[in-house]
Amino acid sequence: MAVQTRVVSIFFIQLVLLAVSGLNRVSGAGLQTGFYDESCPEAETIALKTIRQAISKDGIVAAALLRLHFHDCFVRGCEASVLLDAAEEGDAEKDASSNFSLRGYDVVDDVKSAIEKSCPGVVSCADILALAARDAVRLTGGSSWKVETGRRDGRISLSKEADENLPSSNFNIAQLKQNFAFKGLTKKDLVVLSAGAHTIGVTSCFVINGRSDTDPALDPTFASELKKKCKPGGGGPVLELDQGSSTVSDAHFYKAVRQNRGLLTSDAALLNDPLTRAYVKRQSTSPVKATFGKDFGKSMVKMGGIGVLTGNEGEIRKRCAFVN
């Protein structure tokens with residue numbers, strides 16, 4: 001009980017600090033569609049071509065690129081701090097325990113290199129992350145949206161900030177709502193972005209370690225299937241985040257959650273709030289591009305405005321892993 005109290009206390013302190021700082025709230029000021037129309041008109045075309053090539057070689061890259069953008073925006077805002085290598089060993093965001101399975105850095109570097117050849121020193125790594133996330137979704141059958149650009153790159157990346165700010169897969173609905181609210185995101189953004197983040201990609205048995213057939217939020221048959229796949233301690237094969245539809249950006253995720261077959265605790269938690277539960281039920285019978293796809297694009301634009309650096313703030317990195 002003492003340990004649980006201490007964990008709750010630390011979590012509360014972190015939320016208070018975030019509320020006071022206000023650094024990560026949505027603003028989006030200074031961003032606009034077509035920001036590079038004159039300075040680098042081929043930027044989005046080059047990004048799309050490079051990402052398409054990467055996904056054709058390794059389909060899981062799409063989920064990786066989408067996740068990179070999420071993990072970047074929730075820490076310091078959307079300013080590419082997640083891409084920086086540590087100034088001191090093990091001290092960058094990418095070194096944090098919450099980011100241990102991130103990948104796709106090489107694809108971002110390839111996009112950056114290709115754009116640099118056409119327009120050196122113009123397009124930020126932060127904007128490349130935003131474009132890559134959009135392209136990853138549409139290249140896997142999802143909707144598209146106009147990405148607002150004009151972000152600048154930050155110069156600081158700390159592992160502790162990633163662990164403090166990123167929502168955990170074990171969060172309950174109250175923790176999820178608080179985490180998203182401190183980023184300026186609503187409950188609708190929460191339920192929309194949760195699906196978008198988990199409609200493609202895979203995770204490990206380690207992440208669901210602790211969920212069992214005694215969990216009332218988990219379908220017993222599904223729990224039994226997971227138990228057969230995953231060994232005690234988290235060993236076993238990779239698991240589809242959206243069972244049966246992990247390579248296509250669609251609304252299938254909501255069907256799984258409604259049937260108590262959401263893989264993560266945070267997925268199941270979406271049924272524990274009236275608004276998020278209603279959205280899950282509504283979307284579980286809707287085609288992706290009719291409603292969810294449009295909603296997802298709006299929430300992605302909103303998330304993409306969290307804590308952005310614009311104008312003379314930050315810099316345009318020459319290489320995404322290093323400050324200039």
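Colleague: What makes up the lining of the largest cavity, by class?
Modeller: In this predicted model, 5 nonpolar, 2 polar and 3 charged residues. Those lining residues (an atom within 4 Å of a cavity point) are His69, Ala130, Trp145, Lys146, Val147, Glu148, Arg151, Met300, Val301 and Gly304. Lys, Arg, Asp and Glu count as charged; Ala, Val, Leu, Ile, Met, Phe, Trp, Tyr, Cys and Pro as nonpolar; the others, Gly among them, as polar.

Colleague: How much space lies in the largest cavity?
Modeller: About 70 Å³. On a 1 Å grid over the protein atoms alone, a cavity is a set of points where a 1.4 Å probe fits but cannot get out. Points join across faces, edges and corners, and the volume is what probe spheres set on them fill. There are 3 cavities of 30 Å³ or more.

Colleague: Why is Pro167 called partly exposed?
Modeller: Its relative accessible area is 30%, and partly exposed lies between buried (under 20%) and exposed (over 50%), with a 1.4 Å probe and protein chains only. Pro167 sits in the loop between helix H6 (159–165) and helix H7 (173–181); helices are DSSP runs of H or I, at least four residues, numbered from the N terminus.

Colleague: What are the ground rules?
Modeller: Residues are numbered from 1 along each chain as its sequence is written, and side-chain values use heavy atoms, without hydrogens or water. Local features need pLDDT of at least 70 and side-chain atom pairs 80 or more, while totals for chains, interfaces and linings use all residues.

Terms used: Helices (H or I, at least four residues) and strands (E, at least two) are DSSP runs, numbered from the N terminus. On a 1 Å grid over the protein atoms alone, a cavity is a set of points where a 1.4 Å probe fits but cannot get out, and a pocket is an open set with protein on both sides within 12 Å along at least five of seven lines; lining residues have an atom within 4 Å of a point.
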